[in-house]
Amino acid sequence: TEANYDFGKEELEIRVINEPGSGHDRLVELGDRASELVFSHGTRLHANVDGTSGRRTHSAGDGAWIMKKSASVLDGTVNIVFEDNQTVFCFRAPAKLHNCSRVKTFRLPSNVWGVAIDDSKIQRKLLKRMLDHVGIKEEKQVILGANEEEISGFVDFFVDFVRERPEDRIFLLADENLEFGDLSSADHGIISGSECIKQIRSILTQNEEKRILAVARSANDSPHDIAIYRSRAHDYLPKVPLRASSVRETIAPIWEARFPIESDNESLEPPSRVASAEDLRELSLVSPIELLQELESIDQICMDRGNVEWPVLWEKLHRLMGDLKVLDTPNALSSSATVRMIEFLRGDSIPNDFMNKWIEIRSSVFSLLVQTKA
């Protein structure tokens, strides 16, 4: 599922993309007629495709029809396309953003520190740019996650950091899956960023905790996962491509919900130095070399697959998925398709045909890098 907002059109778009199901080939052959049937009153497509008859044991087939009527009430549209290898449902409607004060000029107050942690070099660069765009100066930024010490000692570090600055507020962004140590090392492990936030909040006193805004970031965006993150942290942010304006649009309501504006002068910081068009392009820049290094690290694991546990390999794939989610390509659907290919590997054990699927994923990533370079 993808949700995108067009700031120029003030329009919300939600896309739900699924793998082909029963009778998909027939639906593809129907072309536009299949989409018309989906939203017709009293029509159930799988009955038409399979030719079933007799006593009805399912719904009347009005769900999509009701959905279309509801969308029209919102001055919106719904559509579904049956492509060769996937089904794409799309909802569009005009939408106004959360009425957050001064969103376009939003900057965090000057006494705010930004602390971020991620085990991915690509994500750490992106986190720095995000902090730049909400007005946190470089000397008040702390970016962690480059080594085992920074990850395993993060809870103690952050608690001390807060207590050493009793007059300041701290904005924390923490990746959910923090991996440290070499695969061959006994010290290798994975720590939950949201669990770290939960521990931090339980250690701090009430007055200390009031001064922090702790947000979990993850490539996992299922309702179940998001509910877990928000039960531990103050809020959650997905890993998606972001530009300067959307960073402020995303963070402003979270900040103001946590720290309501008390006066007209608060949060009116001077414009950030990163407001130029060049910096807007740079925000989502991902280095092809860094992505290639991630592919190579997975290749090395695959070569010795018999001696590597699936959770370790999956963690590498999950990191790749998160970095691909922030990759800003000319064709966003291409990036999404590659992310879904990785997501379909999720499970308790390695798929039997993993190598074939990995070769397909690897090829798709190379294609994305070509698009990005172009």
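A cavity here is a set of points, on a 1 Å grid over the protein atoms alone, where a 1.4 Å probe fits but cannot get out. The model is predicted, and the structure holds one cavity of 30 Å³ or more. Two helix contacts are also described below: α7 with α8, and α5 with α13.

**Cavity**

- The space in the largest cavity comes to about 60 Å³.
- Its lining consists of Asp118, Asp119, Asp175, Asn177, Lys239, Glu315, His318, Arg319 and Gly322.

**Helices α7 and α8**

- Helix α7 covers residues 154-163 and helix α8 covers residues 193-203; their axes come within 10 Å and cross at roughly 40°.
- Angles under 35 degrees would count as roughly parallel, and those from 65 to 115 as roughly perpendicular; α7 and α8 are therefore oblique to each other.
- The crossing of α7 and α8 is right-handed.
- On the α7 side, the contact is made by Phe154, Val155, Phe158, Val159 and Arg163, and on the α8 side by Cys196, Gln199, Ile200 and Ile203.
- The contact of α7 with α8 has seven nonpolar residues, along with one polar and one charged residue.

**Helices α5 and α13**

- Helix α5 (residues 121-133) packs with helix α13 (residues 288-303) at an angle of about 145°, and the two axes lie 9 Å apart.
- Lys121, Ile122 and Lys125 of α5 make the contact with Glu290, Leu291 and Glu294 of α13.
- Four charged and two nonpolar residues form the contact of α5 with α13, and no polar residue takes part.

Conventions:
Residues are numbered from 1 along each chain as its sequence is written. This is a predicted model: local features need pLDDT of at least 70, side-chain atom pairs count only at pLDDT 80 or more; totals for chains, interfaces and linings use all residues. Side-chain values use heavy atoms; hydrogens and water are left out. On a 1 Å grid over the protein atoms alone, a cavity is a set of points where a 1.4 Å probe fits but cannot get out, and a pocket is an open set with protein on both sides within 12 Å along at least five of seven lines; lining residues have an atom within 4 Å of a point. Grid points are joined across faces, edges and corners, and a volume is the space filled by probe spheres set on the points. Axes are lines fitted to C-alpha atoms, for helices over the stretch in contact, and angles run from 0 to 180 degrees between N-to-C directions. Helices (H or I, at least four residues) and strands (E, at least two) are DSSP runs, numbered from the N terminus. Angles under 35 degrees count as roughly parallel, over 145 as roughly antiparallel, 65 to 115 as roughly perpendicular and the rest as oblique. A crossing is left-handed if the near helix is turned anticlockwise from the far one by less than a right angle, and right-handed if clockwise. Contact means heavy atoms within 4.5 Å. Ala, Val, Leu, Ile, Met, Phe, Trp, Tyr, Cys and Pro count as nonpolar, Asp, Glu, Lys and Arg as charged, and the others, Gly among them, as polar.
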